[in-house]
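Have the model open in your viewer, with the sequence panel alongside. We will go from stop to stop, selecting as we go.

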Amino acid sequence: MDPSRRLPKTNVEDLLQIVRRLVATKGPAQNTVRQAVDELLALPPVRYYLKPYTQKQINAFATHASRYFELYHPGGSIEIAHTSRYSHRTGKSELCILATRPLAPGAVITELKGSMAHLTKEEDKELKRTDLRNTDIRRDFSVIHSRQMKKNHLFLGPARFVNHDCENNCELFREGKYITFRVMRPIGIGEEITAHYGDGYFGYRNRHCLCETCEKNGKGG
């Protein structure tokens with residue numbers, strides 16, 4: 001969300017090698033993912049990038065990285081993919097989550113984790129400046145509103161790529177300190193994982209909603 005932020009210039013091939021080893025190594029997902037995270041933290045550019053941070057922040061970075069590595073484990077059931085559904089509004093290709101195997105109602109998609117970071121009033125105000133053209137639409141799907149806490153949060157992790165649909169097939173719920181998803185109806189291979197952002201997330205009564213259900217019903221945007 002901040003393209004001016006300087007990130008570590010890591011060799012792409014080094015990252016691919018870590019992922020390939022993760023996919024090829026047999027064993028419990030927890031062990032192989034931990035090994036991948038350790039290899040990531042050992043890369044010189046990443047070590048340099050994390051140098052000014054505290055151990056607590058580095059641990060949080062490692063946890064965040066593990067959520068993405070989990071998506072590549074062969075035992076998983078989802079993948080991150082591209083979608084052009086919102087391109088005419090955003091001007092770029094967006095991301096979505098697709099099922100890679102059939103999912104039954106009640107199943108918990110354990111590798112689809114996320115967390116909410118608190119936004120200060122100043123941070124929230126700054127993020128609102130990223131979309132001044134569409135004042136009736138939330139500026140970024142990563143910003144969600146908590147009714148319980150009555151404030152906005154930044155949604156982090158692979159779970160942030162779950163798009164909205166007015167007839168969603170999954171529900172979001174908290175599992176310990178993580179946020180993940182439970183399947184509500186049968187999902188087939190290649191079908192998009194969707195959640196419900198709320199009745200007024202895309203303007204009044206979601207009048208700007210671009211989901212597949214609204215398209216089929218001739219409603220929304």
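What follows is a short tour of helices, a strand pair and a loop.

**Before you start**

This is a predicted model, in which local features need pLDDT of at least 70 and side-chain atom pairs count only at pLDDT 80 or more, while totals for chains, interfaces and linings use all residues. Residues are numbered from 1 along each chain as its sequence is written, and side-chain values use heavy atoms, with hydrogens and water left out. Helices (H or I, at least four residues) and strands (E, at least two) are DSSP runs, numbered from the N terminus.

**Stop 1: threonine 10**

Select threonine 10, in the segment before α1 (12–24). Is threonine 10 buried or exposed? Its relative accessible area is 18%, so threonine 10 is buried (buried means under 20% relative accessible area, exposed over 50%, partly exposed in between, with a 1.4 Å probe and protein chains only). Now show its contacts, meaning heavy atoms within 4.5 Å. Neighbours within four places in sequence aside, threonine 10 is in contact with Leu15, Leu43, Pro45 and Val46.

**Stop 2: α1 against α2**

Two packed helices are described by the angle between their axes and the distance between the axes. Select α1 and helix α2 (residues 29–42): they pack at an angle of about 165°, with their axes 9 Å apart. That makes α1 roughly antiparallel to α2. Axes here are lines fitted to C-alpha atoms, for helices over the stretch in contact, and angles run from 0 to 180 degrees between N-to-C directions. Angles under 35 degrees count as roughly parallel, over 145 as roughly antiparallel, 65 to 115 as roughly perpendicular and the rest as oblique.

Show side chains next: Leu15, Ile18, Arg21 and Leu22 of α1 meet Thr32, Val33, Ala36, Glu39 and Leu40 of α2. By class, the contact of α1 with α2 has 6 nonpolar, 1 polar and 2 charged residues. In this scheme Ala, Val, Leu, Ile, Met, Phe, Trp, Tyr, Cys and Pro count as nonpolar, Asp, Glu, Lys and Arg as charged, and the others, Gly among them, as polar.

**Stop 3: α2 against α4**

On the α2 side, look for Val33, Ala36, Val37, Leu40 and Leu41, which meet Phe61, Ala62, Ala65, Ser66 and Phe69 in α4. The residues of this contact divide into 9 nonpolar, 1 polar and no charged.

**Stop 4: the β1–β2 pair**

Move on to strand β1 (residues 78–83) and β2, which pair in the antiparallel sense over 6 bridges (two strands pair if DSSP finds at least two bridges between them). Click threonine 83, whose bridge partner in β2 is glutamate 94. Strand β2 (residues 94–99) is mostly covered, with 5 of its 6 residues buried.

**Stop 5: arginine 205 and asparagine 206**

Finish in the loop between β9 (194–195) and α7 (212–217), where asparagine 206 is found. Arginine 205 lies in the loop between β9 and α7 too. Most residues other than glycine have a negative phi. Yet arginine 205 has a positive phi of about 55°, and asparagine 206 also has a positive phi of about 55°. At 67% relative accessibility, arginine 205 counts as exposed, whereas asparagine 206, at 5%, counts as buried.

What does asparagine 206 touch? Not counting residues up to four places away in sequence, asparagine 206 touches His164, Cys166, Gly198, Asp199, Gly200, Tyr201 and Gly220. Lastly, draw a distance from the C-alpha atom of asparagine 206 to that of glycine 221: 15 residues apart along the chain, these atoms are separated by 8.5 Å.
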